[in-house]
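I opened the notebook to get to know a structure that was new to me. The entries below follow the order in which I looked things up.

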Amino acid sequence: ALAQHTPNVVMLDPTCAETLEAGLDFLQALIAQRPSLPVIVSTDQDTLSDRVKILRSSGGATFLPKPAAANQILELVNQSLNQNTLSGARILALDDDPAILQCLKQLLAPWGFKLTLLADPLQFWDALEQTAPDLLILDIEMPDFNGLELCQVIRSDPRLGQLPILFLSAHTDPAMVRHVFEAGADDYISKPIMGAELVARILNRLERLQLLRKLAETDSLTGL
């Protein structure tokens, strides 16, 4: 069925397999093949041990214990569909190291992000205006303009005040990390890049941006 159709969300009871372990193996394989696919695990295996096993196999899938009411299921599916829209987010990455850009492409492309990868800081502003990204990834040390300067320029523009900015750098000394956050960065990851950590940080920032936009655009009293 998965080979013929691309679902927006999957609800799975691992006990449908011959054994729970076989079901968890299938769950793990599913997550590995389709990392951006939202998965809801719904089962009556609800002990702490069972939950930990499911967490280890899924990497953090949503857990819904059985029995579950229809409105609970629909609410979780709706939440999962909203989270799935994050995978189409636009990301602009600037790093003068082609190897880092290639690494970002390999890590983020499977998630469905719309990537714009730049090695030249002089092209940054034009790319920023053309792509209107949902998130920026910057390096610190680059020719012409360093990442801290670019971050400060962005933060000085009222139109870009909520744009999440994530830094990737080989620097780990506390003074440099402090300068990064003083410049207005939202997050900092040291190189070499760990794929799972990077994706988790990006999704976290995009979820917060989505929440801020929802709060800004929705009337709290009427819901309009």
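This is a predicted model: local features need pLDDT of at least 70, side-chain atom pairs count only at pLDDT 80 or more; totals for chains, interfaces and linings use all residues.

Entry 1. I began with the whole protein. I found eight helices and eight strands in its secondary structure. Along the principal axes, the C-alpha atoms fill a box of roughly 60 × 45 × 40 Å. The protein has 224 residues, and 37% of them are buried. I looked up the accessible surface and got about 12700 Å², with 54% of it belonging to carbon and sulfur atoms.

Entry 2. Of the contacts between residues at least 6 apart in sequence, 63% join residues at least 24 apart.

Entry 3. I looked up the charged side chains next. There are 17 positive and 28 negative ones. The centres of the two sets lie 4 Å apart.

Entry 4. I turned to strand β4, where I91 has its place. I91 counts as buried because its relative accessibility is 1%, under the 20% limit. Its contacts, leaving aside neighbours within four places in sequence, are L108, F113, K114, L115, T116, L135, I137 and I202. I also looked up I91 against L150: they are 59 residues apart in sequence, and their C-alpha atoms are 16 Å apart.

Entry 5. L94 also has its place in strand β4. With 1% relative accessibility, L94 counts as buried. I listed its contacts beyond four places in sequence, among them L118, A119, D120, P121, F124 and L150. I137 is in contact with L94 and also with I91. From L94 to L168 I read 74 residues in sequence and 9.6 Å in space, C-alpha to C-alpha.

Entry 6. I moved on to D95, in the loop between β4 (90-94) and α4 (98-108). Is D95 buried or exposed? D95 counts as buried, because its relative accessibility is 3%. Leaving aside neighbours within four places, D95 is in contact with I100, L101, L118, A119, D139, M142 and K191. L118, A119, D139 and M142 are also on the contact list of L94. D95 and I140 are 45 residues apart in sequence, with 8.4 Å between their C-alpha atoms.

Entry 7. I looked at another Asp, D187, which lies in strand β8 (residues 187-190). D187 has 10% relative accessibility and so counts as buried. Not counting residues up to four places away, D187 touches I165, L166, F167, F181, R201 and R205.

Entry 8. Most residues other than glycine have a negative phi, and most peptide bonds are trans. Which residues does a cis peptide bond join here? I found K66 and P67, with omega at about -5°. P67 has its place in the loop between β3 (62-65) and α3 (70-84).

Entry 9. Two residues with a positive phi went into the notes. D144 is not a glycine, yet its phi is about 70°. D144 lies in the loop between β6 and α6 (147-155). D144 counts as exposed because its relative accessible area is 55%, over the 50% limit.

Entry 10. A132 is not a glycine either, and its phi is positive at about 45°. Its place is the loop between α5 and β6 (135-138). A132 has a relative accessible area of 42%, so it is partly exposed.

Entry 11. I ended with the second largest pocket, which has a volume of about 270 Å³. It is lined by 14 residues, and the closest to its centre are A132, P133, R159, L160 and L163. The elements that give two or more residues to this lining are α5 (124-131) and α8 (195-217). Which of the elements gives the most to the lining? I found that α5 does, with three residues.

Note on methods
Residues are numbered from 1 along each chain as its sequence is written. Side-chain values use heavy atoms; hydrogens and water are left out. Helices (H or I, at least four residues) and strands (E, at least two) are DSSP runs, numbered from the N terminus. Buried means under 20% relative accessible area, exposed over 50%, partly exposed in between (1.4 Å probe, protein chains only). Contact means heavy atoms within 4.5 Å. Accessible areas come from the Shrake-Rupley method with a 1.4 Å probe; for residues, only the protein chains shown count as cover. Lys and Arg count as positive and Asp and Glu as negative; His and the chain ends are not counted. The place of a charge is taken as NZ of Lys, CZ of Arg, CG of Asp or CD of Glu. On a 1 Å grid over the protein atoms alone, a cavity is a set of points where a 1.4 Å probe fits but cannot get out, and a pocket is an open set with protein on both sides within 12 Å along at least five of seven lines; lining residues have an atom within 4 Å of a point. Grid points are joined across faces, edges and corners, and a volume is the space filled by probe spheres set on the points.
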